[in-house]
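Hi everyone, thanks for coming. I'd like to walk you through one model today, so please have a look at the screen.

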Amino acid sequence: MGFPPNIKEQELIASARHCCVCHRYAGVNIEVHHIKQEADGGPNTFENAIALCFDCHSFAGHYNNRHPKGTKYSQSELKKAKTNWHNLVAQNNIKSTDFIDKVLCKYLLCKDYESFNSILKGDLNNIPIDAPLLAQTPQGELIEKILKQNDESYQTVYSFTKEYKSENDYLNQHPDSVKIESGGVFQYKRIPKREEFLERYSDLNGLIQAYLDKDIPIEHFASAVATFNGCGGDYETVSEIFSIKPIWCVFLVIENISNKPIRFQELNFKIYKNIEYVGIPNSISELDNSTVTLPSVRSEE
């Protein structure tokens with residue numbers, strides 16, 4: 001049903017048509033958002049209303065959860081932002097700025113395999129901005145090639161097991177394993193060897209085959225954990241589980257929020273790696289600097 005006109009007007013006046021989160025003057029590009037959504041029982045009252053610009057509204061929990069996403073605004077955060085901004089407006093303490101916002105940059109973390117697979121194939125309908133244009137990076141090209149080799153429609157954490165006759169048998173074959181104890185349960189963790197995957201290559205799913213074909217370091221996507229109850233020795237079979245890390249994607253969205261055309265030329269960025277997934281601590285290190293030439297188009301409001 002939405003807010004009654006008088007409630008909308010009350011919130012627009014109280015906020016002076018500024019966004020309660022980013023404090024930009026939005027004018028007609030303002031929306032009155034339910035702090036607690038109607039679908040969840042949120043009332044159409046002034047207390048549940050908050051004025052947001054289009055950009056902040058898209059990150060207030062109002063778009064589909066299957067979209068790429070960062071950290072959406074919580075209800076308590078929105079309430080505090082509204083109270084703080086209303087107080088500034090009431091005190092006539094709106095400070096004018098000497099600069100004009102032109103570009104809004106935000107990161108969208110996509111954990112859903114089907115979503116970023118469709119995005120990389122050119123279906124941009126799930127990106128929460130109007131008329132998006134995808135600029136390809138070397139990392140995106142690599143991921144796209146990997147996805148083409150994976151014939152599964154949905155990629156969860158993939159795992160398989162390997163059996164050993166005993167703890168001693170396991171340690172004889174993998175002396176580099178790290179022993180960990182937690183709550184009386186003992187585990188060994190290690191980075192699998194490339195040969196162990198190649199031995200069963202034909203039985204692996206397309207994603208793992210693509211990792212191997214592209215010579216991606218094993219420690220970037222796999223770990224092996226062996227668990228036993230503590231008796232150990234030569235009397236207990238040990239099962240080791242190989243876990244494969246699913247692909248996540250991060251999209252950088254660059255949006256023109258000015259009222260004039262802007263021509264984007266290139267993007268400079270740094271590449272980092274982090275292999276903590278394997279359970280054996282490693283620091284994050286910088287690999288390289290890269291530059292991507294953006295498509296030769298003009299972005300307009």
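First, some ground rules. This is a predicted model, so local features are taken at pLDDT of at least 70 and side-chain atom pairs at pLDDT 80 or more, while totals for chains, interfaces and linings use all residues. Residues are numbered from 1 along each chain as its sequence is written, and side-chain values use heavy atoms, with hydrogens and water left out.

On to confidence. pLDDT, the predictor's confidence in each residue from 0 to 100, averages 76 over the protein chain, and 77% of the residues score at least 70. Helices and strands here are DSSP runs (H or I of at least four residues for helices, E of at least two for strands), numbered from the N terminus. By contact I mean heavy atoms within 4.5 Å.

Now the interior. I'll call a residue buried under 20% relative accessible area, exposed over 50%, and partly exposed in between, using a 1.4 Å probe and protein chains only. A nonpolar core is then a set of buried Ala, Val, Leu, Ile, Met, Phe, Trp, Tyr and Cys residues joined through side-chain atoms within 4.5 Å. Which residues touch the most other members of the largest core? They are Phe116, Phe197, Phe221, Ile247 and Phe251, out of 30 residues. Two or more residues each come from β3 (103-110), α4 (113-120), α5 (138-148), α8 (206-213), β7 (222-228), β8 (238-244) and β9 (249-256). A separate core has 20 residues, including Ile7, Val32, Ala49 and Ala51.

There is nonpolar surface too. Tyr107, Val250 and Leu252 make a patch with about 320 Å² of accessible area together. For nonpolar patches, the side chains (Val, Leu, Ile, Met, Phe, Trp, Tyr) are joined within 5 Å, and each residue has over 30% relative accessible area and no salt bridge. The areas come from the Shrake-Rupley method with a 1.4 Å probe. Leu252 sits in strand β9 and is partly exposed, at 33%.

Let's turn to the charged pairs. I count a salt bridge when a side-chain nitrogen of Lys or Arg is within 4 Å of a carboxyl oxygen of Asp or Glu. How many salt bridges does that rule give? Five.

One of them joins Glu196 to Lys162, at 3.5 Å from N to O. Glu196 is in helix α7 (residues 194-198) and Lys162 in strand β4 (residues 158-164), so the pair ties together parts 34 residues apart in sequence. Glu196 is buried, at 8%, whereas Lys162 is partly exposed, at 22%.

Another pairs Glu240 with Arg190, with the closest N and O atoms 2.7 Å apart. Here strand β8 is linked to strand β6 (residues 185-190), across 50 residues. Are these two partners buried or exposed? Glu240 is buried, at 0%, and Arg190 is buried as well, at 1%.

Beyond its neighbours within four places in sequence, His174 contacts Tyr164, Arg190, Lys193, Glu196 and Glu240.

A further bridge runs from Asp215 to Arg194, at 3.2 Å between the closest N and O atoms. Asp215 is in the loop between α8 and β7 and Arg194 in helix α7, so parts 21 residues apart are tied together. Asp215 is exposed, at 57%, and Arg194 is partly exposed, at 27%.

Back to α4 for a moment. Seven of its eight residues are buried, so α4 is largely enclosed by the rest of the structure. Phe116 is one of those buried residues, along with Tyr113, Ser115, Asn117, Ser118, Ile119 and Leu120. Just after the helix, Gly122 has a positive phi of about 105 degrees.

Last stop: Gly2, in the segment before α1 (5-15). Setting aside neighbours within four places, Gly2 contacts His34, Glu38 and Asn44. The C-alpha atoms of Gly2 and Asn44 are 6.4 Å apart, though 42 residues separate the two along the chain.

That's my tour, and I'm happy to take questions!

Technical notes: Patches are made of residues with over 30% relative accessible area and no salt bridge: like charges are joined within 9 Å, nonpolar side chains (Val, Leu, Ile, Met, Phe, Trp, Tyr) within 5 Å.
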